[in-house]
Amino acid sequence: MVLAEIGTHEVLDASLGGYCDGEHSLAYALAGSTGPDDLVIADRGFWSVEFAHAFTVTGANLLVRLQSNHLGTPQRELPDGSYVSVMRPGKEVRLRAGREGRALPKQTIYRVITFTEDDKVAYLGTTLLDPEQYPAAELVALYRQRWEIELAFEEIKNHLGPNGPIRSRTPGGVRQELRAYLAVHHAIRQFAHAASLADPPLEADPISYLKCIRIIRRSIPSQAAATTAKRTRALTEAAQEARSRLLPARRHRNCPRAIKKPNRWPVLRTRAGRNTVEPGRLILNQAKRPKSTRQVAPPPKVNGVLRSGDTGARGR
């Protein structure tokens, strides 16, 4: 679980867990890296009283996709069509928080925004309650940029990682290797951000991440024994080179996300509104090979002893 910036794709913090650790428990550990004037955007399934309390205590605000059972109790309707709602923690949540020594508020006040996505009604929950200062349309457009974090994952996996399994074979080694990839990615993204702030300033998106990697890989060996002045001059020239050829504007996604390869095993497609089991790729593409009718001859007898491999069976 990582906490990344939308504009620069810099990974600010990461929480690494084991096989039995869930996303919610890993997300709580990232709350300490947020602060005032921060807006945390999260996908559906994270919103809860505990999640909201963990991040709002640090002064951050939330913009999270809501499930239909997390709309809370409506209090009043706002002029832009959204409404203020209240959610209270359940008994089990309060007992668990008490056992862990955590204090939860009696209620959480938030704003629910309704919008349409792919002809389906969706909901957003946010702690930004002022509809004039934070219009609903702007928050919906801002939430759609949450998919920028997928580009950060792609940059780490395809351009920094081994493009395959992790080479380490111990839990400690795996964590160390992942931390190293995240640190290098953060340094590269900081270089791209610094290049974007040069005169005239521009956004970090048009600067090619792959080009920054090539510039850094080419310039690091020559800067091993350089002085501070030469390194500063080389950094300025590298920033100018990174800005020399910018990427074109990214096209908006015009089709929904979908699995390109079907599952090998039968899957019950309940979320899609179908209650029947659809066969997977393995069932559809089974090789129909006829069974062999060839009969294997019995092993020969030698001096009244039946030789059958290593079984040692004897017969008369």
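Me: Contact means heavy atoms within 4.5 Å. Which strands does helix H4 lie across?

Reply: Helix H4 (residues 136–143) lies across E3, E4, E7 and strand E8 (120–126). Its direction is about 75° to E7, with axes fitted as lines to C-alpha atoms (for helices over the stretch in contact) and angles running from 0 to 180 degrees between N-to-C directions. The names come from DSSP runs numbered from the N terminus: helices are H or I with at least four residues, strands E with at least two. This is a predicted model, where local features need pLDDT of at least 70, side-chain atom pairs count only at pLDDT 80 or more, and totals for chains, interfaces and linings use all residues. Residues are numbered from 1 along each chain as its sequence is written, and side-chain values use heavy atoms, leaving out hydrogens and water.

Me: And how does helix H2 run against E4?

Reply: Helix H2 (residues 49–56) runs at about 160° to strand E4 (61–66). Helix H2 also lies across E3, E6 and E7.

Me: What makes strands E3 and E5 the edge strands?

Reply: Follow the order of the open, six-stranded, mixed sheet: E3-E4-E8-E7-E6-E5. Strand E3 (39–42) and strand E5 (73–77) each pair on one side only. On average, neighbouring strands of this sheet are turned by 30° against each other, direction ignored.

Me: How do you know that E4 and E8 pair?

Reply: Two strands pair if DSSP finds at least two bridges between them. E4 and E8 are joined by four bridges and run antiparallel, so they meet that cut-off. Leu-66 stands opposite Tyr-123 in E8. Strand E6 (residues 83–87) and strand E7 (residues 108–117) are also antiparallel, with five bridges; Ser-85 has Tyr-110 in E7 as its bridge partner.

Me: Why is the pair of Tyr-28 and Phe-51 called tilted?

Reply: Rings of Phe, Tyr and Trp (its six-membered ring) pair if their centres lie within 6.5 Å; planes under 30 degrees apart count as stacked, over 60 as edge-to-face and the rest as tilted. The centres of these two rings are 6.5 Å apart and the planes are at 45°, so the pair is tilted. Tyr-28 is in helix H1 and Phe-51 in helix H2, so the pair ties together parts 23 residues apart in sequence. The whole structure has four aromatic pairs.

Me: Which element gives the largest share of the lining of the second largest pocket?

Reply: H5 does, with seven residues. By class, the lining has 29 nonpolar, 10 polar and nine charged residues, where Ala, Val, Leu, Ile, Met, Phe, Trp, Tyr, Cys and Pro count as nonpolar, Asp, Glu, Lys and Arg as charged, and the others, Gly among them, as polar.
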